[in-house]
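Visitor: Please pick one part of this model and go through it closely. After that, show me how it sits in the rest of the chain.

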Amino acid sequence: MSILGAKNKVIAGDYTGANVTLVNGQVTLAISLGNMIILNKKMVAGHAVESEVKGNHKVSITFADGKKSLLELDDKMCKALLAQLF
């Protein structure tokens with residue numbers, strides 16, 4: 001775990017290594033150049049906050065197509081994601 005804060009990345013499962021970014025107010029997974037998935041209610045079937053330690057959040061995501069990812073997010077990104085999925 002990074003002392004400098006969360007990585008804002010997919011750390012396990014499908015899309016491991018993909019960056020989690022905030023683009024025009026929407027949380028997205030940057031899979032590759034020009035290939036992004038917007039994490040919204042249409043694309044995400046379920047989510048759970050697995051752990052929270054000093055601004056470092058681990059959130060599991062189950063996509064509508066059945067794929068699963070574990071994200072490591074900072075406070076700002078986690079709040080944006082949860083608001084988007086509410």
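Guide: Leaving aside its neighbours within four places in sequence, Gly 17 is in contact with Lys 9 and Val 10, where contact means heavy atoms within 4.5 Å. This is a predicted model, in which local features need pLDDT of at least 70 and side-chain atom pairs count only at pLDDT 80 or more, while totals for chains, interfaces and linings use all residues. Residues are numbered from 1 along each chain as its sequence is written, and side-chain values use heavy atoms, with hydrogens and water left out.

Gly 17 is found in the loop between S1 and S2. Strands here are DSSP runs of E with at least two residues, helices are runs of H or I with at least four, and both are numbered from the N terminus. The relative accessibility of Gly 17 is 40%, so this residue counts as partly exposed. The scale calls a residue buried under 20% relative accessible area, exposed over 50%, and partly exposed in between, with a 1.4 Å probe and protein chains only. Between Gly 17 and Lys 76 there are 20 Å in space, C-alpha to C-alpha, and the two are 59 residues apart in sequence.

The loop that holds Gly 17 also holds Tyr 15, and it runs between strand S1 (9-13) and strand S2 (19-23). The structure holds one aromatic pair. The rings of Tyr 15 and Phe 63 have their centres 5.4 Å apart and their planes at 80 degrees, so the pair is edge-to-face. For such a pair, the ring centres of Phe, Tyr or Trp (its six-membered ring) lie within 6.5 Å; planes under 30 degrees apart count as stacked, over 60 as edge-to-face and the rest as tilted. Phe 63 belongs to strand S6 (residues 56-63), so the pair ties together parts that are 48 residues apart in sequence. As for cover, Tyr 15 counts as partly exposed at 21% relative accessibility, whereas Phe 63 is buried, with a relative accessible area of 3%.

Next comes the segment before S1, where Asn 8 lies. Asn 8 counts as buried, at 13% relative accessibility. The C-alpha atoms of Asn 8 and Ala 30 are separated by 11 Å, and the two residues are 22 residues apart along the chain.

Val 27 lies in strand S3. Its relative accessibility is 0%, so Val 27 counts as buried. Beyond four places in sequence, Val 27 touches several residues, among them Val 20, Thr 21, Leu 22, Ile 37, Met 77 and Leu 81. Val 27 and Leu 82 are 55 residues apart in sequence, and their C-alpha atoms are 9.6 Å apart in space.

Most residues other than glycine have a negative phi. Asn 24 has a positive phi of about 50 degrees although it is not a glycine, and its place is in the loop between S2 and strand S3 (26-32). Lys 54 also has a positive phi, near 45 degrees, in the loop between strand S5 (44-53) and S6. Asn 24 counts as exposed at 78% relative accessibility, and Lys 54 counts as exposed at 86%.

Now the chain as a whole. Its secondary structure comes to one helix and seven strands, in the order β-β-β-β-β-β-β-α from the N terminus on. With 86 residues, a compact globule would have a radius of gyration near 12 Å, and the protein chain has 12 Å, which agrees. That radius is taken over C-alpha atoms, and the globule rule is 2.2 Å times the number of residues to the power 0.38. The C-alpha trace spans about 30 × 25 × 25 Å along its principal axes. Buried residues make up 30% of the 86 residues. Of the contacts with a separation of 6 or more, 40% are between residues 24 or more positions apart.
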